[in-house]
Amino acid sequence: MPFEKIPLNDGNEIPAIAFGSGSKWKGKDVVDAVGQAIEAGFSHLDTAQYYKNEDDVGVAIRESGLARSELFVTTKYGGGDIQEAIQTSLTKLGLKQVDLYLIHMPNTVAGRFAEAWREFEKIKADGLAKSIGVSNFTLEQLQEIIKTAHVKPAVNQIKFHPYNYAENKALLEYAATHGIVIEAYSPLTPITQVPGGPVDIPVGLIAKRHGIAPTQVVLAWAKAKGVVIVTTSSSKQHLQEYLDVGDVELTKDDIAAIDEAGAKGPYSPLIRITFFQRARLDITLGAVLRGFCLGLLWFFVYHYWNTAAER
């Protein structure tokens with residue numbers, strides 16, 4: 001079945017998978033890419049002031065011919081006067097209201113969390129955004145926002161994948177206690193950014209057993225964690241594969257295996273070598289070390305005999 005909507009703590013709902021126009025799309029024409037995502041079946045579009053392509057997203061929305069109610073649009077505040085920023089974003093998108101407005105980075109409101117959040121609460125009260133939230137906030141930063149908030153953030157969008165799941169557990173647990181939904185960007189990091197790590201083994205086995213692609217396994221893992229997936233691709237085939245994850249259900253053992261492998265962390269891209277390469281390296285280093293030690297021993301013996309001869 002397709003991805004379901006997830007309830008937010010303000011009474012609204014959010015589609016559980018989104019097409020993101022950030023990352024490689026930043027500053028580029030994304031009209032065709034977003035249009036293709038809509039055609040594939042994505043109803044949740046994620047953009048930002050920082051991406052510099054809100055106007056293209058707006059064009060794609062209009063060209064889709066879909067009713068406004070059929071699309072969920074997220075954008076993010078990236079700096080400047082908050083009220084002016086939301087108005088500019090709405091103008092570029094060609095919308096009167098976005099479904100979700102986020103503080104993109106905590107450093108854009110550093111030292112004024114309470115003041116900035118009051119501005120966001122005003123945006124919601126004025127009907128410019130149905131829901132408001134944050135992005136890239138740590139546990140401590142999220143706690144600081146909630147201390148003075150009259151309206152709790154509906155979501156916190158963070159980088160989330162098997163290799164950083166363990167370090168984010170406390171954040172996820174705290175968010176859950178306040179009904180804050182976690183959105184996951186870069187969920188495919190183990191495949192796209194740090195391949196060759198421990199997660200590859202269980203993902204490969206699970207993919208083979210289920211008859212699906214490794215990317216689908218990782219997204220199904222993220223779905224099982226209850227997060228909203230934010231992903232992207234220029235391939236229509238890949239987009240369809242991502243949407244098909246709505247029908248994929250991993251077992252508890254599958255999820256535990258990925259969790260366990262993810263906790264080991266990825267191999268560094270700079271030292272990612274095979275077992276045989278590592279063995280050859282060990283032999284080479286051993287030979288160098290032995291040569292160094294023999295050379296040092298010979299130096300001392302030679303020095304001793306020369307000194308003895310001079311006596």
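A note on the model before the views. This is a predicted model, where local features need pLDDT of at least 70, side-chain atom pairs count only at pLDDT 80 or more, and totals for chains, interfaces and linings use all residues. Residues are numbered from 1 along each chain as its sequence is written, and side-chain values use heavy atoms, with hydrogens and water left out.

View 1. The buried residues of helix 1 are Val-31, Ala-33, Val-34, Gly-35, Ala-37, Ile-38 and Ala-40. "Buried" here is under 20% relative accessible area, "exposed" is over 50%, and "partly exposed" is in between (1.4 Å probe, protein chains only). Helices (H or I, at least four residues) and strands (E, at least two) are DSSP runs, numbered from the N terminus. The buried residues of helix 1 pack against strand 3 (17-20), strand 4 (44-46), helix 2 (54-64) and helix 10 (236-244).

**View 2. The whole chain, for orientation.** The protein chain has twelve helices and ten strands. Of its 311 residues, 47% are buried. Take the contacts (heavy atoms within 4.5 Å) between residues at least 6 apart in sequence: 76% of these join residues at least 24 apart. The chain exposes about 16100 Å², with 57% of that supplied by carbon and sulfur atoms. Accessible areas come from the Shrake-Rupley method with a 1.4 Å probe, and for residues only the protein chains shown count as cover.

**View 3. Phe-19 and the largest nonpolar core.** In soluble globular proteins, nonpolar side chains tend to be buried together. The largest nonpolar core in this model has 89 residues, and those with the most contacts inside it are Phe-19 and Tyr-101. The largest share of this core, six residues, comes from helix 9 (residues 214-224). A nonpolar core is a set of buried Ala, Val, Leu, Ile, Met, Phe, Trp, Tyr and Cys residues joined through side-chain atoms within 4.5 Å. Neighbours within four places in sequence aside, Phe-19 is in contact with residues including Ala-33, Val-34 and Ala-37, which are among the buried residues of helix 1. Trp-25, Phe-42, His-44, Thr-231 and Leu-239 are also among the contacts of Phe-19.

**View 4. Helix 9 crossing helix 11.** The axes of helix 9 and helix 11 (residues 252-262) come within 10 Å and cross at roughly 100°. Axes are lines fitted to C-alpha atoms, for helices over the stretch in contact, with angles from 0 to 180 degrees between N-to-C directions. The two helices are therefore roughly perpendicular to each other; the cut-offs are 65 to 115 degrees for roughly perpendicular, under 35 for roughly parallel, over 145 for roughly antiparallel, and oblique for the rest. Val-217, Trp-221 and Ala-224 in helix 9 meet Ile-255, Ile-258 and Asp-259 in helix 11.

**View 5. The two sides of helix 6.** In helix 6 (residues 169-177), Leu-171, Leu-172, Tyr-174 and Ala-175 are buried. They cover an arc of only 165° around the axis, which puts them on the same side of helix 6; the arc is that of the directions from the helix axis to the C-beta atoms. Glu-173, Ala-176 and Thr-177, on the other side, are exposed. Cover for the buried residues includes helix 5 (139-148), strand 8 (155-159) and strand 9 (181-185). Just after helix 6, Gly-179 takes a positive phi of about 70°.

**View 6. Met-105 meets Asn-136.** Met-105 sits in the loop between strand 6 (98-103) and helix 4 (113-125), and Asn-136 in the loop between strand 7 (129-135) and helix 5. They are 31 residues apart in sequence and 5.8 Å apart in space, C-alpha to C-alpha. Not counting residues up to four places away in sequence, Met-105 touches Ser-135, Asn-136 and Phe-137. Met-105 is partly exposed at 34% relative accessible area, while Asn-136 is buried at 18%. Asn-136 also has a positive phi near 65°, in a residue other than glycine.
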